[in-house]
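Let's take a walk through this one together. Have the model open and we'll go from its pockets to its cores.

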Amino acid sequence: SARKRSRGDTQRKEQYHTLLPLSTMLSQRATSRVKNKSAAAVQITAEQILREAQERQEEEWKPPEQKIHDYEELQDYRLRKRKEFEDKIRKNRYHMPFWTQYAKWEQSQSDFVRARSIYERALDVEYKNPLLWLKYAEMEMAAKNVNHARNVWGRAVTLLPRVDQFWLKYSYMEDIMGNYAAARQIFERWMEWQPSEHAWRTYINFEMRHREFDRVRLIYNRFVQCHPNVDTWLKYAKFEAKRGEVSRARDVYTKAMEFLGDEANKERFFIEFAAFEERCREVERARAIYKYALDHVPKHAAHELYKRFISFEKQHGDKSGIEDVIVNKRRFQYEEEVKANPKNYDAWFDYARLEEAGGDVARVRELYERAIANVPPGEQKRFWRRYIFLWINYAIFEELEAKDPERARQVYRACLKIIPHRRFSFSKIWIMFAHFEIRQEDVQAARKVFGHAIGLAPKQKIFEEYISLELKLGNIDKCRALYGRWLELEPSNCDAWCKYADLEASLDEAERVRALYELAIEQPTLDMPELVWKNFIDFEIEEEAYDNARRLYERLLERTQHVKVWCSYANFEDSVGEAERARKVYERAYKALKSADDKEERAILAETWRDFEGSVGDAEHIAAVRKLQPRTVIRQRQLYAEDGTPSGVEEYHDYVFPDEEGKKASLKILEMAHKWKKRKLAEESTQSAVSGGDDA
């Protein structure tokens with residue numbers, strides 16, 4: 001009755017809502033919402049909700065227990081269950097769990113004939129299912145039907161010989177029954193299929209349990225042939241070592257190296273081999289194995305090998321042996337670096353120094369040949385700067401360490417051939433080659449080297465070294481010829497002109513010196529003309545030809561009005577005791593710089609003049625010069641960007657000279673008058689325009 005009332009109330013509410021308009025329904029829904037959203041007084045957690053839900057769940061339904069009281073009920077139960085299983089199989093005969101469930105039920109009823117029949121029917125459907133064979137054989141084994149189990153295992157391994165589990169369980173069954181000959185026969189049949197390593201290890205463990213060590217040795221011989229890898233050979237060697245067969249174990253290691261070839265060059269193999277020899281107290285054999293391994297194992301895969309070798313040498317070696325190990329480790333590091341980047345010339349340098357310290361000439365030569373084979377990729381000098389030092393170090397090694405001058409000469413020549421002299425050259429290698437020939441007491445060969453260098457790459461250092469050589473030999477005419485060739489190639493090189501003049505000056509050829517300097521200052525372009533002028537003037541001063549020096553200063557002032565020239569001229573006059581001449585030079589300089597409107601240079605001149613008067617002048621001249629000293633002020637000027645727009649203001653230091661302050665004041669007044677006049681003219685033009693508009 002309560003259910004009927006609630007159902008009637010629900011129907012009346014639905015009819016009521018269908019009669020109401022939409023606005024009324026929305027307003028009622030809005031009013032039915034919770035308005036008080038504050039927290040409840042009693043709080044409950046999610047854990048409590050889940051616990052209560054779990055406690056209030058109903059128990060799962062379990063089928064009622066059925067008790068069978070007589071044989072007829074049992075037969076009826078069996079018939080009903082068999083019908084259910086048969087119906088399932090009929091609906092889906094390829095679903096193997098139905099078959100296994102059916103067979104297990106028959107097995108639980110101790111009806112092995114029916115269970116066996118079910119398994120046979122299932123195998124007719126799908127004989128490639130390994131689980132089906134396993135269930136079938138395990139049933140026979142559980143029922144102690146040994147012959148039936150053998151039959152099942154025999155059929156299984158015949159039809160599915162690649163399923164290792166069949167062979168394992170078959171052999172295990174024969175083993176636990178004590179039928180070792182049959183188990184061994186099963187293993188032999190299994191090995192004919194060349195199974196996995198696990199199968200071979202199972203066979204070996206079987207024979208080991210029965211202490212058939214000769215058979216184990218024969219199995220290992222077949223095992224390493226079937227699976228020729230480092231692990232199988234190591235297991236074979238460990239077997240022999242555990243048996244105390246040292247010579248046999250060593251033969252196994254040796255045969256492994258011969259049989260595997262390059263595949264035996266594994267870090268683990270050599271570590272085990274060396275450890276075996278170390279346990280046998282064969283220290284020299286172990287050391288030889290380590291060294292052989294370090295030469296043949298790839299460097300990136302030999303980190304642990306190096307650690308073991310170092311530890312071995314610390315235990316059994318001497319100081320030289322330990323040093324060899326450390327050198328080998330460093331050699332390994334350098335090999336990794338140059339392998340990663342063959343153009344890393346710094347690594348080649350360090351590697352070469354390491355090998356040179358070892359003293360093995362053949363190894364050092366091989367290393368240098370490998371290094372110089374890495375020619376820089378582009379014909380740009382910056383790429384060649386480090387590379388060229390490899391050749392230099394190679395040549396020095398051949399000359400000083402290997403004591404082979406002829407080979408060093410070949411290195412120099414090969415280096416000069418590989419350099420692209422049309423693009424760039426290295427004067428250092430030419431000079432070193434020439435010095436090498438001089439050390440070999442072959443001056444003519446050194447001259448040929450310098451001459452070849454001048455023909456291919458005429459550089460200043462080459463000329464200087466060649467001239468120095470001829471000068472030491474006293475060939476002055478040859479030196480002059482070389483200077484002439486140098487100036488012919490580089491007429492703007494002031495250093496060449498000055499050195500040529502210094503040579504003539506050392507020979508007291510004053511006229512030649514003057515002629516050279518005259519030729520130099522008449523050149524249209526010079527890289528450092530001030531150097532030529534300075535040396536020319538210094539030469540005349542040393543010769544005490546002061547009038548010539550003054551004429552040179554006057555000629556120089558015709559070309560430039562630089563403050564340093566004026567100061568040098570005044571200092572010259574002061575140095576020769578002509579203070580009045582020096583003062584006149586300062587006066588001329590001040591006027592010239594004032595007319596040039598160069599405030600900074602004029603300030604420098606005024607300061608130098610003040611120092612001069614302070615040392616040689618009287619009070620009157622000192623006071624006069626002090627009146628010319630400028631005053632430093634800070635001004636501002638507008639900065640402009642590249643597009644011409646103002647970008648800010650910067651402060652700068654300016655000099656205000658006493659003789660210009662009055663003029664600047666009058667100029668400022670005149671500027672203000674001009675501005676006032678412009679403003680008045682603009683106002684008058686504006687008024688006239690306004691009056692003309694009113695008349696119109």
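By class, how many nonpolar, polar and charged residues does the lining of the largest pocket have? Keep in mind that this is a predicted model. The count comes to 8 nonpolar, 2 polar and 11 charged residues. The pocket itself has a volume of about 560 Å³, and 21 residues line it, with Asp295, Asn328, Arg331, Glu355 and Arg363 closest to its centre. Helices H16, H18, H19 and H20 each give two or more residues to that lining, and H18 gives the most, with 6.

Now head over to the second largest pocket, with about 450 Å³ of space. Its lining has 9 nonpolar, 5 polar and 5 charged residues. Look for Glu530, Trp533, Lys534, Leu556 and Val565, the closest to its centre. H30, H31 and H32 each supply at least two lining residues, and H30 gives the most, with 6.

In soluble globular proteins, nonpolar side chains tend to be buried together. Here the largest nonpolar core has 97 residues, and Leu390, Ile429, Trp430, Val532 and Leu605 have the most contacts inside it. Helix H22 (residues 387-401) brings the largest share, 8 residues. Apart from this core lies another, of 77 residues, including Phe85 and Ile219.

Last stop: helix H11, which covers residues 197-209. Among its buried residues are Trp200, Tyr203 and Phe206. What covers the buried residues of H11 includes helices H9, H10 and H12. Just after H11, Arg211 takes a positive phi of about 60°.

Notes
Residues numbered from 1 in each chain as written. Predicted model: local features only at pLDDT ≥ 70, side-chain atom pairs only at ≥ 80, totals over all residues. Heavy atoms only, no water. Core = buried A, V, L, I, M, F, W, Y, C linked by side-chain atoms within 4.5 Å. Buried < 20%, exposed > 50% of the residue type's maximum accessible area, 1.4 Å probe, protein only. Helix = DSSP H or I, 4+ residues; strand = E, 2+ residues; numbered from the N terminus. Expected span 1.5 Å × (residues − 1). Contact = heavy atoms within 4.5 Å. 1 Å grid on protein atoms, 1.4 Å probe; cavity = no way out; pocket = protein on both sides within 12 Å on 5 of 7 lines; lining within 4 Å. Points joined across faces, edges and corners; volume = space filled by probe spheres on them. Nonpolar A, V, L, I, M, F, W, Y, C, P; charged D, E, K, R; others polar.
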